[in-house]
Amino acid sequence: MEERLSAQSGERCAAERRAFRVSGIVQGVGFRPFVYRLAMRHMLTGWVLNDSAGVGIEAEGAAASLDAFAAALRDEAPLAASVTAVTVREIPPVGAQDFRILPSPEGDAPRTLVSPDLAVCADCRRETMDARDRRHGYAFTNCTNCGPRYSIIRGVPYDRPLTTMAAFRMCDACQEEYDDPADRRFHAQPNACADCGPAYRLLTETGAFDGDAIAETRRIVAAGGIVAVKGIGGYHLVCDARSEAAVTRLRARKHREDKALAVMAGSPETVRELCEVSADEEWLLTSPVAPIVLLRRHRRDAADAADGAGDADGGVAPSVAPGNAYLGVMLPYAPVHLLLLAPGDLWVMTSANMSGEPILYEDAAAERELRGIADAILTHNREIAHRVDDSVVRMAAGGRMILRRSRGFAPTPVALPFDSKISVLAGGAELKSTFCLTRGREAFLSEHIGDLTNAKVRASYEGTIAHYERLFDVRPQLLVADLHPNYLSTRYLTARAAAEGIPLVRVQHHHAHIAAVLAEHGCTERVLGAAFDGTGYGDDGRAWGGEFLVADLRGYERLGHFVYLPLPGGDKAAEEPWRLALWVLYGVHGDALAARCPAFAAQLPSGWQLLMQATAAGINAPLTSSVGRLFDAAAALLGITYVNTYEGRAAIELEQCARRARRRPRILLYRVHEGGVYGLGARDAGAAACLRGISPAEAYGRDAGRGAPLTIDFIPTLRILADGAEKLSDEERAGRALDFHVTLAAATYDLLDRLSRETRLRTVALSGGVFQNALLVELLLLFIRDKYRVLLPHTVPPNDGGIAYGQAAVGVMRDFGA
């Protein structure tokens, strides 16, 4: 047997040879050069290659070195990689003299996986800012561990000629890096420098700026101007987030009235000065994904935001996030951001698009459509092949919650709990639209696309589907759509099924919500599911949104829901919370409402009496079980929000108000049908008991009768909230907002507990857009965490952005088997 020097001691030892198999996202992420450098470090010989199963390795050397090598394959993998398994077996040594990177076997092309765009790594960050480095000040510095991937790919294999870097021929220095397996830029397709790569230029009203484009952009922003900046996945509109005048001007030009704007801070220290930052949140901010993270502002700043006051110490301008105790914050994730923002800077960094339209990414369109919004455009000459918006994440009581899954996440596949023999295309919902394409155990959940009712978004949706099918070499054999016949995603798949002869199945909206959680957790058993959102088409043709299901990946049974309420004026009720609030108050006061509730009546349009008469007659007043609409009604009844100028405004502001409460919460009156009444009011002992994990029935010694389906009537809760609301102090208004959240959590636990006793199920899955409310999740977990196994979405959004993943899992499991 051949002998080698031990890497640790220099002593002679017998050589061993081992074969390694590495699975996961390990192709196109610099994994082979990583293995090469690792082998060099541990004095090993052998080879590494990509094949259809992942990465194959044979390594020979001292046993201790092979052990350390095996551990490092997982522990030190490139940032862009995701190692799911490392297997090893002993094989006979062959006396290899070197370590080589081999080509893929003939006829065994690797399955295509594409890395998402990743934030600039520490090494490239250091080079960009180091005056002694040849890439100092270069806005496109990258390596195999970071930089653009998905946004520049035109086709596969992932080689430079099939990316938007094809137009840039590498200089000798860059080519040498690219060809050297020991260099971290080995086969880094976007590799470039200032001598051979793309460059920025600044366009102003008078033409192209002749000078330092980066420095001039900084000057414009410092002077209160607005600049459109082309980044990795599209254009952003930026301005000084500390300047109220600049932010107000940006809002007016973009026609974005109230919705909070994301900001980019120049350093983690600046973020900590403004917000409370946990270790998990800081990790998210500085991770390769580098998403927008929702952070709670320091108490003083949150109070300033609530009352609209400015910050004399140079904090955030009130108009950045009016009335909001949270900020959506990100750190520089591209080299250009490092060059634009000083460590203490804070800039608004919002998608460059008109409201409801996709982010702009094509230069000609940006120059045409941003004229009149931006004072200047900082652009570059590397084409963006595919637009990718920023991802949005928050940390809640249950862990990480992805609100928008896009840059940094997509198109990384999400695992399925089975290896399917067929490929599925699931069309998703209509708002917060995504789609999902499957291949084996891989579910390619697309990046956030948007509201399909907008023609430009719809074109992007269809174009991105076609791109995914080419990129991953998949032709779907099954199409899965939502039950809603008028969803544009359903219409698209219906037309495609007819044209291409592909089978089409439909999956109920809330079942898909629960199925997404089950698939993410690899759970194939039956569970109790609570699916709360704004709306979803139900089996009975009504608008569901407060559902209690027994479900698995094959099917579901609806065992409970919130009582149906009419939506005065139909779909307009989702935009105007005062409508359902009016219905609640009209049920109490009738035509005397104006005299009894003058402040509320002052918000109403003329003719509201006719609206109530039509609603009572069932004219343009569809029924809904939506929990989202309950939030709307509560916010309007408490005088917090009367009109949703953006989706979810009422719910967001109701949560913000509840967070300011100082008194102990109360569980208000709600009814469970069929059966008795749960009571409550101002009985603090009962509320305290419930918050310790005791159900309302146990707290008050009552037990309602059982029925199928069980329903929760929240009208009593809403009426208590509204009682005397016009005379409430701000403190008591916050207290009642908290009461609403606590009561909703208690009622949800109540029904889950009843259903658990009936079904003997002890696992609960929670999903739907309402569970983006971190306070509700926090309160509900106080009730159920110690009694049930709780599944929450962490990898896919709880909102409609995760629907397609659930649809795909159900479609395969139910109709074709795993």
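Trainee: Strand β4, residues 45-51: is it mostly covered or open?
Mentor: Mostly covered: seven of its seven residues are buried, where buried means under 20% relative accessible area, exposed over 50% and partly exposed in between, with a 1.4 Å probe and protein chains only. Keep in mind that this is a predicted model, where local features need pLDDT of at least 70, side-chain atom pairs count only at pLDDT 80 or more, and totals for chains, interfaces and linings use all residues. Residues are numbered from 1 along each chain as its sequence is written, and side-chain values use heavy atoms, with hydrogens and water left out.

Trainee: Which residues sit on the faces of β4?
Mentor: Thr45, Trp47, Leu49 and Asp51 are on one side, with Gly46, Val48 and Asn50 on the other, and all are buried. By the way, strands (E, at least two residues) and helices (H or I, at least four) are DSSP runs numbered from the N terminus.

Trainee: How many bridges join β4 to β5?
Mentor: Seven, and the two strands run antiparallel. Strands pair if DSSP finds at least two bridges between them. β4 and β5 form a hairpin with two residues between them.

Trainee: And what does Trp47 face?
Mentor: Glu58 stands opposite Trp47 in β5, while in β7 the bridge partner of Trp47 is Arg100. β4 and β7 run parallel, joined by three bridges.

Trainee: What's the strand order in the sheet?
Mentor: β6-β3-β5-β4-β7, an open sheet of five strands with mixed pairing. β6 and β7 are at the edges with a single partner strand each, so one side of each lacks a neighbour in the sheet. The twist averages 15° from one strand to the next.

Trainee: Which strands does helix α1 touch?
Mentor: α1 (residues 31-41) packs on the sheet and touches β3, β4, β5, β6 and β7; contact means heavy atoms within 4.5 Å. Helix α2 (residues 63-75) packs on the sheet too, touching β3, β5 and β6.

Trainee: New topic: at what angle do α16 and α24 pack?
Mentor: About 80°, with their axes 10 Å apart. Axes are lines fitted to C-alpha atoms, for helices over the stretch in contact, and angles run from 0 to 180 degrees between N-to-C directions. That makes α16 roughly perpendicular to α24, a label for 65 to 115 degrees; under 35 is roughly parallel, over 145 roughly antiparallel and the rest oblique.

Trainee: Which residues meet there?
Mentor: Val584, Leu585, Gly587 and Val588 in α16 meet Ile715, Leu718, Arg719 and Ala722 in α24.
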